Structure formats: C-alpha cells, structure tokens
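Q: I would like to learn how to read a protein structure, one feature at a time. Could we begin with contacts and then move on to what is covered and what is open?

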Amino acid sequence: MASSLSSSALRANLFSSSSSSDRSFLGSPLSSPSFLRLHPTRSGGASLSASMSVGPPPYDLSAFKFDPIKESIVSREMTRRYMMDMITHADTDVVIVGAGSAGLSCAYELSKNPSVQVAIIEQSVSPGGGAWLGGQLFSAMVVRKPAHRFLDELGIEYDEQDNYVVIKHAALFTSTIMSKLLARPNVKLFNAVAAEDLIVKEGRVGGVVTNWALVSMNHDTQSCMDPNVMEAKVVVSSCGHDGPFGATGVKRLRSIGMIDSVPGMKALDMNAAEDAIVRLTREIVPGMIVTGMEVAEIDGSPRMGPTFGAMMISGQKAAHLALKALGLPNALDGSFVGNIHPELLLASAESAEVADA
C-alpha cells in the first residue's frame, strides 16, 4: 500500500534475512525444482550468475581511515539540498501521491521526459508500499504477461512460465525501479511526508497539502501544526486500496463533493481485476489522475490479490495521461516518439464505466 492524504499511524516495516547456502524446511534440504525454467531478461541477455568483483577492495581494510569533516558541514549539506528541493517543487509539473508499485511505475515512465519535474510524496520512511513482498508475506512476485516486458526494460530477471513470470523476490523489482528512478535529475522523492489534503481551485485539483508524516500522526496530541503546500499542474493519486492508509485521494474528492461515491473494491477475481484496473486508470476529475488499487475503490472493480502486473501498467498509463494533460507527446494519442511496447497499454480509451465483477 502506498502513501495517503492523511494518517493516524505509520506502518512498521518488517525485514528479515536468511542464508541462501543453507535452505531447509522442517530439517529437509531444499533443492531447486526440476520444472523451473530460469530465463535472463530479454533486453539485457545477461547471465543468471551474479556479477561480483573478484579483487580486493580498493583500500586497506586493516588501516582504513576516513577524511576529516566538521559536523556542521554534514548538517548544512543535508539542509541546503533538501530546502532547495522544496523550493524547486513548491510549484512543479506532477505530484505523485504514494510510492507503491503503481506510483513508482508512473514516476519511472513519466520522468523519461527530462523536461517534466516529478515530485513523489510518500508518508512512509520506506517507499515501495506492499511491493517489498508477494502475497501473505511470501517473497516471490508474480507478474502476468505481457507486463513482463516492463521487467525486461528494467533489466529484472525472472522465471518464465507460459502465461506469467515470477521474480524470485519482490524486493528485486522495488529496489531496481527505485535505483533507476531516483538517479534521474528531474525526480525528487519526499518520503516521511504525508499529503494531508488537496489544493482545489475553480473545480480543478491544483496540488497537495503536505506535512511531516510524524506531525500528521500527532495532530490530536499537540497544538495546531499547520501544513505546507505543493502546487502542481497534475496530481496522480496512487494511495492504494481502502484501509488505514488507503484510497484517501478519492475519499477526499467525495468528502468535498467532487465525486458522488466511493463504492469500494469487490471480491477477488484476478483475471477481471487486472484488466479493469488498467482500463479504468484515468483523470477522475480535472487535474487529478487515479492509478493502481485506488482505481478499484472508486469503480467497484474486483481486487486482484498477489499479482502485480496491473500496478505497473496502470502506473505507466497514468504517466501517459499526465503527459497528455501537460500537452506533451504521449502513447495515448499517438504523439509519443520513442520505444514503447503496445502491449503495455491494455486500454487507451478514457472511460468512466464501472467494472463488472
């Protein structure tokens, strides 16, 4: 689940590690099943063997010593750079609320255009939402074809089956897309920051109201702690499905009368759900695009469970909707110039239909 427009608590992140050389279940050694067909990514053609340096570190570990530094320099470097980022993105092109799999995929696709300034708001310290693990806290991530082409572009290896692929650990997807995305100069991730409200002018969403996530948690325990603001030409809401942190973008639209209802997602149906999420990703009100599982909440489409392809492709579609809203080349009106797989956009028509469960 991704960031939300307000919260009363922050989720704890669970991390664990295990030895790959001593795998067992109830004392019985585990071997690789004979049916696994491991494939490298098509784009890279790299070997499945991990690449590693065989030489020693380029410094003497027995006598290592850091260069000296003043503590105040560290403070100034962090403060100056963060404040400059806040100044830069006080009025930006696109704000993405929520850095789950849909939000990250949207930011990755959108920021391919170096002229578009992208700010990502994520209330958790750790971006990625639920995409650090598969279903029920298991490791593997299942992605149905043809969304695996997005993994090829990212250079992520997977086990290929007939109609789907499996990434051995969901964290490989999340860490890879973040490392590529955050290296781009036109992207800034503001994590540990909550979007508490929307800016709305003359019936159009024009940005978000922000605050430190820890401040948002304690509005009831402290005196008034006013927020900050971030204006944007387009806001992309990827706040996830309903819950303590979810669907708060569309819930806020309902509470201020910009939409009539948020019926909530229906029961699980993977095949119906993923197509519906991509098809119904759209600009829901002027200035605000909804992507990911938040789409299911507003349209009453089924939940999909532990399969992630629709999150990636919905995010990509949201990116091209944002480009279209900015008057820039995009894949939805045929003006895009560059490499894009048509299969990644399962539907390009803007539709307000309610999905059938």
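Q: Which residues does Arg-303 touch, not counting residues up to four places away in sequence?

A: Contact means heavy atoms within 4.5 Å. By that rule Arg-303 touches Met-265, Lys-266, Ala-267, Leu-268, Asp-269, Met-270, Ala-273 and Met-293, leaving out residues up to four places away in sequence. Before going further, keep in mind that this is a predicted model, in which local features need pLDDT of at least 70 and side-chain atom pairs count only at pLDDT 80 or more, while totals for chains, interfaces and linings use all residues. Residues are numbered from 1 along each chain as its sequence is written, and side-chain values use heavy atoms, with hydrogens and water left out.

Q: Where does Arg-303 lie, and is Arg-303 buried, partly exposed or exposed?

A: Helices (H or I, at least four residues) and strands (E, at least two) are DSSP runs, numbered from the N terminus, and Arg-303 lies in the loop between helix H8 (293-299) and H9. Buried means under 20% relative accessible area, exposed over 50%, and partly exposed in between (1.4 Å probe, protein chains only). Arg-303 is partly exposed because its relative accessible area is 38%.

Q: Which positions does UniProt list for "binding site"?

A: UniProt positions are given in the numbering used here, with shortened feature names, and annotations may be inferred rather than shown by experiment. The unreviewed UniProt entry lists several residues under "binding site", among them Ala-102, Asp-226, Met-293 and Arg-303. Asp-226 is placed in the loop between helix H5 (213-217) and S12, and Asp-226 counts as exposed because its relative accessibility is 62%.

Q: What does UniProt list for Cys-224, and how many disulfides does a search of the whole structure find?

A: The unreviewed UniProt entry lists Cys-224 as "modified residue: 2,3-didehydroalanine (Cys)". Cys-224 is found in the loop between H5 and S12, and with a relative accessible area of 65% it is exposed. A disulfide is a pair of cysteine sulfur atoms within 2.5 Å, and the search of the whole structure finds 0 of them. Cys-106 counts as buried, at 0% relative accessibility, and Cys-239 is buried, with a relative accessible area of 0%.

Q: Which residues is Met-178 in contact with, leaving aside neighbours within four places in sequence?

A: Met-178 is found in helix H4, and it is in contact with Leu-104, Pro-127 and Trp-132 once neighbours within four places in sequence are set aside. Met-178 is buried because its relative accessible area is 11%. The C-alpha atoms of Met-178 and Gly-128 are separated by 8.4 Å, although these residues are 50 residues apart along the chain.

Q: How many helices and strands does the protein chain have, and what percentage of the residues are buried?

A: The protein chain has 9 helices and 14 strands, and buried residues make up 44% of its 357 residues. Among contacts between residues at least 6 apart in sequence, 72% join residues at least 24 apart.
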